[in-house]
Amino acid sequence: SQVSFEEESQNPPAVGHWKPLMPSKGNKEESESGCQDAGGVHDPQSMEQLNVSRLRSSSVEIREKGSEFLRDELHKAQKELKLKDKECERLSKVREQLEQELEELTASLFEEAHKMVREANTKQAAAEKQLREARGKIDMLQAEVTALKTLVITSTPSSPNRELHPQLQSPSKAGFRKGHGRNKSTSSAVVSAASHNVAPEPVSRECKEVDSILFAEFQAWKESPTLDKSCSFLDRIYREDVGPCLDFTKQELSELVRVAVEQNTLTIEPVASQTLPVGKVAAEECGGPKKCALSGLPRTCKHRIMLGDSGSYYYISPSCRARITAVCNFFTYIRYIQQGLVRQDVELMYWEVMRLRREMSLAKLGFYPSEM
């Protein structure tokens, strides 16, 4: 074939016995006699070349089959790689979808929990108000019953109470007292009952108006939320609310409390739930059940705080607890906003921040719920 011929022309000659082109005189007769003896036998050199050409053609055929086999394997590997790429792409899409659903579920659960907490606080405040009103009515009724008992006891057959029996009074005195003779205690009880039973005036609904400066600062902070107090939004709140709210008599401890609140490492627990030995508690705690560690004033302390993992506890009064809790609630909410867990309108988030600021303002002025 043409391929075999080209390869033969390019490759070096096969190794074999070399014979001179011009035989020598001494060997001329031998060669002639050898040719005559061989008769019709082929030349060994031509046979050897034929065998080499056959080997070369078979090697070319093997090489072609090998390259064809490798091409098939390469195609198979490429197809498998494409299938694996498609599977990886599908799995990545599934993972992104699951992450998005998980994030949305977390945000909705947080909003629902926040809503339930607000509703529970509203219901608790209403129940406490009704309880106070009921206790006031009970006290009023008890005072009225006591006054009536006093009047009945003081009126006996031997010495009847003329205030209860106007017919026993003289006509002139009775005429003078007509329509006005009543016991003072009874009168006060009835008057107090009448004044207490008067329907209260309807409470006007709270009106709100967005402050343009505060709202602009909050919007700027919302674009890139951060806990760095150098921004105008947090700087104002630190100056107007957080700083005054955490400014206690014990300045050194107040600074430690502020740092712990900012780092979210402060723990508040009821004193009644303590399980530490008496000696260890006395050695580690500052203040006491009858003295506040922050204000230094004699107060009944129902809670204590721990700063980080220090292991040291400090008794705090209900007022100090209300101030610390108000600041912690504010930082918790803005951390949720920073983490993207609050999915609300900007104005609703603004009003929630204002509500938390109002709680801090009331707490620093000394107002706190009775359950504190």
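Modeller: Start with one residue. S317 has a relative accessibility of 5%, so it counts as buried. The cut-off for buried is under 20%. Keep in mind that this is a predicted model.

Colleague: Which residues is S317 in contact with, leaving aside its neighbours within four places in sequence?

Modeller: S317 is in contact with C292, R299, T300 and C301.

Colleague: Now N264: buried or exposed?

Modeller: The cut-off for exposed is over 50%. N264 has a relative accessible area of 54%, so it is exposed. N264 also lies in a loop, the one between α8 and β1 (266-270). Look at its backbone too: N264 has a positive phi of about 60°, although it is not a glycine.

Colleague: Let me step back. How many helices and strands does the chain have?

Modeller: There are 11 helices and three strands. Along the sequence, the pattern reads α-α-α-α-α-α-α-α-β-α-β-β-α-α.

Colleague: What share of the chain counts as buried?

Modeller: Of its 372 residues, 23% count as buried. The chain exposes about 27100 Å². Carbon and sulfur atoms supply 57% of that area.

Colleague: What should I know about nonpolar cores?

Modeller: The general idea first. In soluble globular proteins, nonpolar side chains tend to be buried together. Here, the largest nonpolar core has 47 residues. V257, L294, I324 and F330 touch the most other members.

Colleague: Which residues is I324 in contact with, leaving aside neighbours within four places in sequence?

Modeller: I324 is in contact with L246, F248, V257, V261, L266, I268, L294, I305 and I316.

Colleague: How do I look for empty space?

Modeller: Rolling a probe the size of a water molecule over the atoms shows where empty space is left. About 30 Å³ of space lies in the largest cavity.

Colleague: Which residues line the largest cavity?

Modeller: L214, E217, F233, R236, I237, M354 and R357 do. α6, α7 and α11 each give two or more residues to the lining. α7 gives the most, with three residues. By class, four lining residues are nonpolar, none are polar and three are charged.

Colleague: How much space lies in the largest pocket?

Modeller: About 1200 Å³. Its lining has 33 residues, and the closest to the pocket centre are N121, N329, R355, E359 and P369.

Colleague: Which elements each supply at least two residues of this lining?

Modeller: α3 (44-154), α10 and α11 do. α3 gives the most to the lining of the largest pocket, with 13 residues.

Colleague: How do the residues of that lining divide by class?

Modeller: There are 15 nonpolar, seven polar and 11 charged residues in the lining of the largest pocket.

Technical notes:
Residues numbered from 1 in each chain as written. Predicted model: local features only at pLDDT ≥ 70, side-chain atom pairs only at ≥ 80, totals over all residues. Heavy atoms only, no water. Core = buried A, V, L, I, M, F, W, Y, C linked by side-chain atoms within 4.5 Å. Buried < 20%, exposed > 50% of the residue type's maximum accessible area, 1.4 Å probe, protein only. Contact = heavy atoms within 4.5 Å. 1 Å grid on protein atoms, 1.4 Å probe; cavity = no way out; pocket = protein on both sides within 12 Å on 5 of 7 lines; lining within 4 Å. Points joined across faces, edges and corners; volume = space filled by probe spheres on them. Helix = DSSP H or I, 4+ residues; strand = E, 2+ residues; numbered from the N terminus. Nonpolar A, V, L, I, M, F, W, Y, C, P; charged D, E, K, R; others polar. Areas by Shrake-Rupley, 256 points an atom, 1.4 Å probe, with all protein chains shown as cover.
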